[in-house]
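Have a look at the model below, then try each exercise before reading its solution.

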Amino acid sequence: MIKEALRKQRIETPSWAYGNSGTRFKVFAQPGVPRDPYEKIADAAQVHRFTGVAPTVALHIPWDKVDSYADLARHAAELGVGIGAINSNVFQDDDYKLGSVTHPDPAVRAKALAHLLECVDIMDETGSDTLKLWFSDGTNYPGQDDIRARQDRLAEALSSVYERLGDGQRFLLEYKLFEPAFYVTDVPDWGTAYAHCVRLGPKAQVVVDTGHHAPGTNIEFIVAFLLREGKLGGFDFNSRFYADDDLMVGAADPFQLFRIMFEVIGGGGYTERTAFMLDQCHNIEPKIPGQIRSVMNVQEATAKALLVDRDALAAAQRAGDVLGANAVLMDAYNTDVRPLLAELREEMGLAPDPMAAYAKSGYFAKIAADRVGGNQAGWGA
Ligand code: LRH
Ligand code: MN
C-alpha cells in the first residue's frame, strides 16, 4: 500500500531552479546552466529520469518566454515531461514599484491584469491547468497607501482573472509575510489568501510556500485547516533557517516536512489535485543534483508519514495517552525509509540511488561542454 502510494507521487520542479540565482549580494554563475527554457526543460527531464516522480515543470513568465508555447510543450513531451503551473511575474517591472494590481494608478493595474490574463492564454497553449499568482505588492512605510483600498483593487483583479479561467483551470494564490515589501504585504498570510479565494469560488485555492511564514509558525496547522475547507491547492516546497531562504526542502527542517505530509495524508490531500511543487534556488550547489536531492527529501518525508500507524494513534489520542500518541508519530519519523525507496526505484526500473546514477550518467559533463556562449538563464527575462 505504501509503495503504491509512493509510486504515484508527483513532484513538480521549477524551471527557475535550473537557472542562476542568488541574493542581492551576488549571483554565482555555474557551468552548464541553461540558456533558454528548452534547456531548462531538458534538465528537469533528468530529474524525472532518475527519480520517476517529477513529471512536470513549472514555468515562470517572462523568464520562460518563447515564440511558441505549444512547441515548448511539444519539446517537453518528447523528453517525457509536461508543463505544470504557469507562474505570473508582476514584480520586476519598473511600473510596479508601488504595486501591480494594487497600484494607485489604474493604468498600472490594467497593465498588471493584462499580464495575468496572458498567463491564462499560455495555460491554454501548454495544456496547463494551474496559474500560480504571487504578488510582491506592498508598502514600506505607514501612510504610504490605504491598506483597505489596496485590498479592493486586489479583489477586483483576482475576480477578473477568475472570470477568465476555463473549464478545469484554477489559480493558486500565494501569500508571503514580507519581502520585497517591508511594512504591509497585500497578501501576507494564509488568512488573507483564504478569504479572497473563498469569496471567488472553487477555482481559487491557496498555495503554501513553506518559506513564507513568520518564524515559529505551525505550517501543518494551516495545511490541516485549508484541507478541511477544500482550499489547499498546493505547495511551494523549500526550507529556511531564517526568512525566505529558498533552500532545499527538508534540508533545514525535515521533521517539519514530515509533519506537513502527515497532515496532507490525514486530510485527504495526497491526491493529484494537490500541487506538490518545489520553489527553490540553488545559489551555490549544483542545480540538477539539488533538485534530485529535494525530490528524494519529499519522498522520504512522505514515506515516513505513510508509515504512521493511524489506528494506534487514534486509540492513544482517544485514551488521552499524550506520550503514547507522540511515540506513534515519532516511531514513523525515526524509521529509515531509504531502503524501502531504493527497493521501490528498482521495481520502477530505476537505479536505487538517483544521485549516484545522475553523477555516473555524464549528463553534467555534456551540458558543461555544450552550453558555452549565449546568456545563462537567471531571474531576468
Ligand atoms: C516569491 C516566490 C514565488 C515565485 C518566486 C520565484 O518569493 O516564492 O512563488 O514567483 O518565489
Ligand atoms: Mn513560492
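**Exercise 1.** In this predicted model, find which residues of H3 and H4 meet, and describe how the two helices pack.

*Solution.* 
Step 1: On the H3 side, look for Tyr-69, Ala-70 and Ala-73; their partners in H4 are Ile-122, Glu-125 and Thr-126.
Step 2: Sort these residues by class, and the contact of H3 with H4 gives four nonpolar, one polar and one charged.
Step 3: Now turn to the axes. Those of H3 (residues 69–78) and H4 (residues 106–126) cross at roughly 45° and come within 8 Å.
Step 4: Angles under 35 degrees count as roughly parallel and 65 to 115 as roughly perpendicular, so H3 is oblique to H4.
Step 5: Finish with the handedness: the crossing of H3 and H4 is right-handed.

**Exercise 2.** Describe the packing of H5 and H6: what is the angle, and how far apart are the axes?

*Solution.* 
Step 1: Helix H5 covers residues 147–164 and helix H6 residues 190–200; they pack at about 50°, and their axes lie 10 Å apart.
Step 2: With that angle, H5 and H6 are therefore oblique to each other.
Step 3: Their crossing is right-handed.
Step 4: List the contact residues. H5 supplies Gln-151, Leu-154, Ala-155, Leu-158, Ser-159 and Tyr-162, while H6 supplies Thr-192, His-196 and Leu-200.
Step 5: Sorted by class, the contact of H5 with H6 holds five nonpolar and four polar residues, with no charged ones.

Notes. Residues are numbered from 1 along each chain as its sequence is written. Chains are lettered from A and ligands numbered from 1 in the order in which they are written. This is a predicted model: local features need pLDDT of at least 70, side-chain atom pairs count only at pLDDT 80 or more; totals for chains, interfaces and linings use all residues. Side-chain values use heavy atoms; hydrogens and water are left out. Axes are lines fitted to C-alpha atoms, for helices over the stretch in contact, and angles run from 0 to 180 degrees between N-to-C directions. Helices (H or I, at least four residues) and strands (E, at least two) are DSSP runs, numbered from the N terminus. Angles under 35 degrees count as roughly parallel, over 145 as roughly antiparallel, 65 to 115 as roughly perpendicular and the rest as oblique. A crossing is left-handed if the near helix is turned anticlockwise from the far one by less than a right angle, and right-handed if clockwise. Contact means heavy atoms within 4.5 Å. Ala, Val, Leu, Ile, Met, Phe, Trp, Tyr, Cys and Pro count as nonpolar, Asp, Glu, Lys and Arg as charged, and the others, Gly among them, as polar.
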